[in-house]
Amino acid sequence: MTRFTAFALAIGCTAGFGVIASPAQAQDLVHTPISPTFGGNPFNSNHILGTANAQNDTTDPDAVDRNNQSSIFARQLESRLLSALSSQIVDAIFGENPQEQGTISFGGQTIEFFRSLDDVTLIIRNDDNGEETRIVIPLFIEVN
């Protein structure tokens, strides 16, 4: 046997015995998510949301500034007009000369009302998508 072969055999045996002689140490890797969305600690949610909001520097290009004077005036005017219109509808249904039925259209909506013996049915219809809301108002009959 040559000197090189003996040396390689000695190294191989030593390395083999080293692996066999000492047991391998291992531990399970456990991943714990930080975000409560994925099962993490629920107490992290405020911190994560605050960090995300602090980093968010984008703005909505279609956002309307609701605090300028013209927006405030437009909202107040719209509210007053809708209030006056609702008063007229209530007067047409329950006023001194109540109507049996009627239809009122404004701003992409149609309001229909029908009077029966014991109730009034209001149908509010969105003209764009046809969505309907029905409100049934009971009538209380006065007995003298």
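Which residues does D119 touch, not counting residues up to four places away in sequence? In this predicted model, D119 touches F114, V136, I137, P138 and L139.

D119 sits in strand 3, which covers residues 119–126. This aspartate is buried yet has no salt bridge, and R115, the nearest side chain of opposite charge, is 8.8 Å away. The side chain of D119 does have a polar contact of 2.6 Å with that of S116.

Strand 3 runs antiparallel to strand 4 (residues 132–138), and seven bridges join the two. Together they form a hairpin with five residues between the strands. In the turn, G130 has a positive phi of about 80 degrees. Across this pairing, R125 has E132 in strand 4 as its bridge partner.

| Salt bridge | Distance |
|---|---|
| R125 and E112 | 2.6 Å |
| R125 and E132 | 2.8 Å |
| R134 and E132 | 3.8 Å |

The salt bridge between R125 and E112 links strand 3 to strand 2 (residues 109–115), so it ties together parts that are 13 residues apart in sequence.

How exposed are these partners? E112 is buried, with a relative accessible area of 16%, while R125 is partly exposed at 24%. E132 is also partly exposed, with 38% relative accessibility, and R134 is exposed, with a relative accessible area of 55%. Through shared partners, salt bridges join E112, R125, E132 and R134 into one network.

Definitions and conventions: Residues are numbered from 1 along each chain as its sequence is written. This is a predicted model: local features need pLDDT of at least 70, side-chain atom pairs count only at pLDDT 80 or more; totals for chains, interfaces and linings use all residues. Side-chain values use heavy atoms; hydrogens and water are left out. Helices (H or I, at least four residues) and strands (E, at least two) are DSSP runs, numbered from the N terminus. Buried means under 20% relative accessible area, exposed over 50%, partly exposed in between (1.4 Å probe, protein chains only). Lys and Arg count as positive and Asp and Glu as negative; His and the chain ends are not counted. A salt bridge is a side-chain nitrogen of Lys or Arg within 4 Å of a carboxyl oxygen of Asp or Glu. A polar contact is a pair of N or O atoms within 3.5 Å; within protein, one must be able to donate a hydrogen and the other to accept it, and residues adjacent in sequence count only if both atoms are side-chain atoms. Contact means heavy atoms within 4.5 Å. Two strands pair if DSSP finds at least two bridges between them.
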